[in-house]
Amino acid sequence: MTLDFPNPSRSFDEARNAVRFIGHDGMFEVPFFIEADALASTITKGGGLEAAEAACLAAFDAARRSIHDVARKLYSRGRQTSYIITTADIR
């Protein structure tokens, strides 16, 4: 099976300071997190938590296709219970 992203849902995880999204490998859900720092190039600072959350989600939406490509690459390296995409993975 291949990793797909049929559900466009994503959410901001305040505790992890990351955007959470789900991939699917057949019937298995595969949780991913992309750190806010990895999205930082498109985020403007200031405005508090709500502004930061909105900026992270907007940055995720703008780069969704490339983020999914990175997620597929991480997933292909070996199966884990969840995956965290960092700034180093984006480069």
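Mentor: Buried residues make up 35% of the 91 residues in the chain. Before we go on: this is a predicted model, where local features need pLDDT of at least 70, side-chain atom pairs count only at pLDDT 80 or more, and totals for chains, interfaces and linings use all residues. Residues are numbered from 1 along each chain as its sequence is written, and side-chain values use heavy atoms, with hydrogens and water left out.

Trainee: What makes a residue buried, exposed or partly exposed?
Mentor: Buried means under 20% relative accessible area, exposed over 50%, and partly exposed in between, with a 1.4 Å probe and protein chains only. Both Phe 5 and Phe 21 are buried, so each has a relative accessible area under 20%.

Trainee: Which order do the elements of the chain run in from the N terminus?
Mentor: They run β-β-β-β-α-α-β-α, which gives three helices and five strands. Helices (H or I, at least four residues) and strands (E, at least two) are DSSP runs, numbered from the N terminus.

Trainee: Why do we say that strand 2 and strand 3 pair?
Mentor: Two strands pair if DSSP finds at least two bridges between them. Strand 2 (residues 10–13) and strand 3 (residues 18–25) have four bridges, in the antiparallel sense, so they pass the rule. In this pairing, Asp 13 stands opposite Ala 18. The two strands form a hairpin with four residues between them, and Asn 17 in the turn has a positive phi of about 55 degrees.

Trainee: How many aromatic pairs are there, and by what rule?
Mentor: Rings of Phe, Tyr and Trp (its six-membered ring) pair if their centres lie within 6.5 Å; planes under 30 degrees apart count as stacked, over 60 as edge-to-face and the rest as tilted. By this rule the count is six.

Trainee: Why is the pair of Phe 5 and Phe 21 called tilted?
Mentor: Their centres are 5.8 Å apart and their planes are at 45 degrees, so the pair is tilted. Phe 5 lies in the loop between strand 1 (3–4) and strand 2, and Phe 21 in strand 3, so the pair ties together parts that are 16 residues apart in sequence. Phe 5 also forms a tilted pair with Phe 32, at 6.0 Å centre to centre and 55 degrees between the planes.
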